[in-house]
Amino acid sequence: MSIEKMVEQALQDGYLTPDMKAEITRICNKSTDLSVEEYMALDRLMAELPSCVDSTTLIPHKQFSNVMEELVLKEAIAQWAIVAETTDTVLDVGDIAAYALNRLPGLYATTSDGAGFHRSLAKDELDQLIVQKVQEAIARCLEQPEIYPKRKPLKIKLTEN
């Protein structure tokens with residue numbers, strides 16, 4: 001079963017079964033490059049069922065995680081969706097996130113409690129800076145869309161809910 005289907009089932013049921021949690025963990029361990037749809041599904045799971053899973057659970061082979069990555073990716077996807085409606089330029093979400101992350105402090109955690117602390121800190125103190133850096137990244141990508149001409153940018157299909 002795909003990550004997206006497991007997340008949909010978990011959100012419908014209100015919980016993540018141990019089998020689904022193990023499968024998501026297996027997929028995250030096996031894959032070095034999840035699709036944007038998979039990241040969006042995992043982000044939605046973390047937002048709607050935070051007691052079931054968090055970033056330190058999703059990547060158990062790491063002994064640490066950078067909470068800023070999930071915050072920036074979430075913001076990049078949200079802003080990308082708005083900009084994508086008004087331009088024919090194909091924007092790469094990875095480029096947007098990387099540009100912004102390189103201009104923001106890392107928020108590393110080794111435990112779920114530490115990750116929660118950093119999420120709270122970022123919401124209180126860094127939210128506007130994250131928004132600003134993602135906006136700068138998108139502006140840069142729009143100004144120089146052919147900076148990486150041989151790359152194949154991600155194309156995200158937005159579905160209406």
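Predicted model: local features only at pLDDT ≥ 70, side-chain atom pairs only at ≥ 80, totals over all residues.

Modeller: Start with the setting. The protein chain has eight helices and two strands. From the N terminus, the order reads α-α-α-α-β-α-α-β-α-α. Of its 161 residues, 40% are buried.

Next, its two sides. Gly114, Ala115, His118 and Ala122 are the buried residues of helix 7. Viewed down the helix axis, these buried residues fall within an arc of 100°, so they line one face of helix 7. The other side of helix 7 carries exposed residues: Asp113, Phe117, Lys123 and Asp124.

Arg119 forms a salt bridge with Glu70 through their side chains, at 2.6 Å from N to O. Arg119 sits in helix 7, while Glu70 belongs to helix 5, residues 67-84. The two are 49 residues apart, and the pair links distant parts of the chain. Why can such a pair form? Side chains of opposite charge can pair when their charged atoms come close. Arg119 is partly exposed, at a relative accessible area of 23%. Glu70 has 16%, so it counts as buried, the cut-off being under 20%.

The count of salt bridges comes to two. The side chains of Glu136 and Lys133 also meet in a salt bridge, at 3.4 Å from N to O. Glu136 and Lys133 both lie in helix 8, residues 127-143. They are three residues apart, so about one helical turn separates them. Here Glu136 is partly exposed, with a relative accessible area of 28%. Lys133 has a relative accessibility of 16% and counts as buried.

Back to the whole chain. Take contacts between residues at least 6 apart in sequence: 77% of them join residues at least 24 apart. The Arg119 and Glu70 pair, 49 residues apart, is a link between distant parts of the chain. As for the surface, the protein chain exposes about 10100 Å². Carbon and sulfur atoms supply 51% of that area.

To sum up helix 7: its buried residues line one face, Asp113, Phe117, Lys123 and Asp124 are exposed on the other side, and Arg119 bridges to Glu70 in helix 5.

Notes. Residues numbered from 1 in each chain as written. Heavy atoms only, no water. Buried < 20%, exposed > 50% of the residue type's maximum accessible area, 1.4 Å probe, protein only. Helix = DSSP H or I, 4+ residues; strand = E, 2+ residues; numbered from the N terminus. Arc of directions from axis to C-beta. Contact = heavy atoms within 4.5 Å. Areas by Shrake-Rupley, 256 points an atom, 1.4 Å probe, with all protein chains shown as cover. Salt bridge = Lys/Arg side-chain N within 4 Å of Asp/Glu carboxyl O.
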